[in-house]
Amino acid sequence: MGDILTLVAALMWAIYCLLLKRMNSNYSTLFITRKVFFYGILTLLPFFFFYPLQTDITILFQPLVIANLLFLGVIASMLCYIMWTLAVKRLGVVCAANYIYVVPLVTLITSAVVIDERITLIALIGCAFILGGVYLAER
């Protein structure tokens, strides 16, 4: 089941990128991002009828939770979607998609800086493979 979900996720991402390529020539980046969020929320809402929220609602009003939700909503979602749409518009779908493979490298460096995680030899070898693959894909 996990393999099927992974393949479906990759297929949906490819479809999203192709639709984004078509929309970029006709609509602004903010309009596209707003539509992505709107339809994402719209398709998520029916799940609450089948799986209602099972938590104490007062937790959502704690300052730390509000700060985390704002970070996830504004920076980790909205700004990232805007930057992705701009990257696809400027670089093209294929070129921009190649740079997705750099995400684990950024994660590795960020975890070393922020939470003092140790960088292992295997991780460095993986980084070399990532950078080599992105380089070869760009040629």
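Modeller: Happy to! To read the order of elements, note that helices here are DSSP runs of H or I with at least four residues, numbered from the N terminus. This is a predicted model, and from the N terminus on its elements run α-α-α-α-α-α-α. That makes 7 helices and 0 strands. The radius of gyration is 18 Å, well over the 14 Å that the globule rule gives for 139 residues, so the protein is more spread out than a compact globule. Along the principal axes, the C-alpha trace spans about 50 × 45 × 35 Å.

Now to your residue. Asp 116 sits in the loop between helix H6 (103–114) and helix H7 (121–138). Its phi is positive, about 60°, although Asp 116 is not a glycine. Most residues other than glycine have a negative phi. Is Asp 116 buried or exposed? With a relative accessibility of 69%, Asp 116 counts as exposed, because the cut-off for that is over 50%.

Back to the whole chain for context. Of the 139 residues, 17% count as buried. The accessible surface comes to about 11000 Å², and 75% of that belongs to carbon and sulfur atoms. Among contacts with a separation of 6 or more, 71% are accounted for by residues 24 or more positions apart. As for charges, the protein has 8 positive and 5 negative ones, and their mean positions are 22 Å apart.

Technical notes
Residues numbered from 1 in each chain as written. Predicted model: local features only at pLDDT ≥ 70, side-chain atom pairs only at ≥ 80, totals over all residues. Heavy atoms only, no water. Helix = DSSP H or I, 4+ residues; strand = E, 2+ residues; numbered from the N terminus. Rg over C-alpha atoms; globule rule 2.2 N^0.38 Å. Buried < 20%, exposed > 50% of the residue type's maximum accessible area, 1.4 Å probe, protein only. Contact = heavy atoms within 4.5 Å. Areas by Shrake-Rupley, 256 points an atom, 1.4 Å probe, with all protein chains shown as cover. Lys, Arg positive; Asp, Glu negative; His and termini not counted. Charge placed at Lys NZ, Arg CZ, Asp CG, Glu CD.
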